[in-house]
Amino acid sequence: MTLSRRSFLKSSSSIVMAAAVPQMAWASAGRDVTFVPHAGQAGAFWGMLEEGKLVRAIPRTEFDPRPTKMVSEGIVSRTYHKTRVLYPHVRRSYLEGYESGDVKPELRARDEFVRVDWDTALGLVSRAILDTIDAHGNEGIFSTSYGAWAHGGVLTPNVLQGRFFNLIGGASVTVGDYSGGAGQIIMPHVLGDMEVYSRQTSWWQVLQHCETFVLIGTDPHNNGRAEGGTTDHSMFPRWEVIKEAGVKFISINPQRTTTDEWLRAQWLKIIPNTDTALFLAMSNHVYRKGTYDKDFLETYTVGWERFIDYLEGKDDGVPKTPEWAAKITGINAKRIRALADRCARTRTQFAGSWAIQRAQHGEMPYWAITAFAAMTGQIGLPGGGVGFSWHWGQGGALFAQARAPGGLPQGRNRVVGICPASRLNEMLLNPGKEFTRNGGTFKFPDVHMIYNSGNNFASHQQDTNELLRAMEKVHTVVCQDPWWTASARFADIVLPATSTVERDDISSGGTYSKDKVYAMRQVIDPLGESLDDFEIFRRLAEMFGVEGQFTDNRERREIIEESYFKSTAAEYMDFDAFWDGGVARVPQPPEEIEWVRHGDFRTDPEANPLATPSGKVEIYSEAIAKMNIPDCPPMPMWLEPDEYLGNAEPDEVHVVSPHPYNRIHSQFAQSDLRHEMNIKDREFLLINPDDAAEREIEDGDLVELYNDRGAVIVGARVSDDIMKGVVSMYEGAWLSFDSKGRCNSGAINILTSSRRSSGLSQATTANTCLARMRKATDVDGPNMAYEPPAIAPEPVKLDVSAFNLERAYDLQETFTAEMEPGEKLFYEKCTLCHVPQDPAAHTMRQWESITASMFPNAGVTPEEEEQILTFLAKYAKPE
């Protein structure tokens, strides 16, 4: 490793100085071409216009060394795609039955849509909101919008929607998320932090000290291609430096990934959902061999003695040996021992993916990995340890110690109704049913209206057929989106939102570095009659008499400028220069190259305890033991999933659904990029040659993949890059049903189960899925997912004066009434991404750890931090 610290600091300073020079937008003198700076989750680019039309998106390689085709080829094609929603629309049966109440929800996605004007559309939305509140209270309205995946700006639809509804009394909301739902609940009990959204050890420390880097389902080459804000792919060249320096990469995965090829990783094939058994056996091996780190266990952990008893079989009579694990995982005992030995004798970093916890008992693999990292004494060592966000947000990038831009807060939600993100089906089918989450007991709200903005819930919810049946109890579904996604097709009222290139906004990058702020300048005029989300909710707020509170009496541009001034970047560049050039940089402090995850704890555990009840790594958790959850034991244990190859029928395969390569979940699915990887315009299915031969399937054939929950038509890609018995299909395809009820597009969640991970997290189990497959010989027409729905030829306008919308003024409340200072700041500053968390969801120790990551993202000052922590201390969960 020849790059010295001095050389690194010198090169880093040069990069900062060069990047600080603004790149000005300009118009060519020779032709009618204009360039406007813009940015999105896939990267920063120049929008190139000819005669007012966006013709190219040119990546800004001075800030992004590895731009993707999502920018260069995806932006333009999706902007003008025929699936754009250009006007407000209402489903035919809803329009004909809204007065009688007979809106025929069973005809969603079968009815044609009718074009209406904005007054009619917003009048119907307002009437539905008011009717729902009158009959069922605000709890009867459910928001499926969460997270910032609609785009990378600060004025995201989910935040604006939350702000609007909170001004009129609130709505039932999602808690948690699909991304790291199980991990974010279990890890505060184990390591005192959510971990899934925490920055990782400095890449420089990995370069300097790491010898073995274990990728457990982790695929940064794929999943690092986009972020919640604006990505710059800054870790891509760093990964290559680490590889060339001789760090050994080992990939534990049922399929060989692009990361494995890129980093020359050794591939260990593993049966899906069995990572827990593997790491239990590795722990057993180092214990029996005497190569475990007893001093670390005694100094830094609690409960390790009970864990050893379990490994030795004292609890159940089954020693968790490599031979035991070999039968479960498909990895032979010799290789398990060899892996354990290497990790015990070399400096090792364990990188756990979010995918492995999207499974039944998904809490257990994270806990088992952490336990083995503790058994080998790796936690907190430079270049070693454990991390669960290496694939996301350029994990390993250096933190600029900067404040990001801050937009409008959502404010306080007065409704207590919650639903864990993956439990939407269960909520609709069982209103009032009790459920547990993180030790608390709650009841599902009774939902009669769904409002969805900037979110494709009908695509990402598991067991889609069950969801669509469950939605028949819902009177009104509103979808606000630029495109005819699955969620829009299954809505009653569709409001056309602009895409990001048709509005102004501001974004930050990267997720963990916070070293840039990007101008998301409007590139083209809105298409059709589409409006940006801010304007849509402003109009609704006006109809409900809360416009001033919603806008804070400011224009959109004023909010953007104020957002910029809240960021550290404003200290280095004035707003006008930033807005002209499109990017402002923040220098990264040199000391950040020394940062090690859990390093302070390792150095002095007394002075820097973890935010767990013991202050140590909890291999056994007394807190979880007291919860007495049947499907979540108080230490990492092997629990057999209901669906995996260990209990599959001979002709079943295990279906895994990784993040797609050329899109962001379902975003870009309709763009021209789909033709690069799709087969006959359908999602492709990666199949092992032996599995294909047994079913007489050849590469390029159409295949029917099916189980009791549904069926999809996909294209076969036969490859040795996946193990026998497992098939892989990207998530995020749009829906299109053929006459036999099969998804003709390849939307994976037609097949996945809606079962929970456990009673602790209530998280998704998308990767616990068995199915059968056969060569498709009865394909029913082309895939229509990327075609617009049927639309009536004549538009309709209603007289909204008969809707009695005056009722809306009775809902007015003061936005932050009777809030103490810290409470007001918490709901204003810490609600810019997901819905605000309940202060009682975590102990104060955990809040202190979690806010270490939250506060930089929220852009709060030290004085504000103190006030928020005072508020949280008052209402936090007792120890």
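Leaving aside its neighbours within four places in sequence, which residues is Phe279 in contact with? Select Phe279 together with Ile216, Ile252, Phe350, Ala368, Ile369 and Phe372, which are the residues it is in contact with on those terms, contact meaning heavy atoms within 4.5 Å. Before going further, note that this is a predicted model, in which local features need pLDDT of at least 70 and side-chain atom pairs count only at pLDDT 80 or more, while totals for chains, interfaces and linings use all residues. Residues are numbered from 1 along each chain as its sequence is written, and side-chain values use heavy atoms, with hydrogens and water left out.

Now widen the view to the largest nonpolar core, which has 91 residues and in which Ile252, Phe279, Met282 and Phe350 have the most contacts. A nonpolar core here is a set of buried Ala, Val, Leu, Ile, Met, Phe, Trp, Tyr and Cys residues joined through side-chain atoms within 4.5 Å, and buried means under 20% relative accessible area with a 1.4 Å probe, counting protein chains only. Colour helix α16 (residues 363-375), since it gives the most to this core, with ten residues; helices are DSSP runs of H or I with at least four residues, strands are runs of E with at least two, and both are numbered from the N terminus. A second, separate core of 62 residues includes Leu408, Leu531, Leu540 and Trp579.

Next, select helix α11 (residues 275-289) and helix α14 (residues 322-329), whose axes come within 9 Å and cross at roughly 165°. That makes α11 roughly antiparallel to α14, a label given to angles over 145 degrees. To see where they meet, show Ala277, Leu278, Leu280, Ala281, Asn284 and His285 in α11 with Pro322, Trp324, Ala325, Ile328 and Thr329 in α14. The residues of this contact comprise eight nonpolar, three polar and no charged.

Finish at Ile697, in the loop between α28 (689-694) and β26 (702-707). Ile697 is buried, with a relative accessible area of 5%, and, apart from neighbours within four places in sequence, is in contact with Ile687, Ala692, Val703, Ala716, Val718, Arg774 and Lys775.

Technical notes. Axes fitted to C-alpha atoms, helices over the stretch in contact; angles between N-to-C directions. Parallel < 35°, antiparallel > 145°, perpendicular 65-115°, else oblique. Nonpolar A, V, L, I, M, F, W, Y, C, P; charged D, E, K, R; others polar. Buried < 20%, exposed > 50% of the residue type's maximum accessible area, 1.4 Å probe, protein only.
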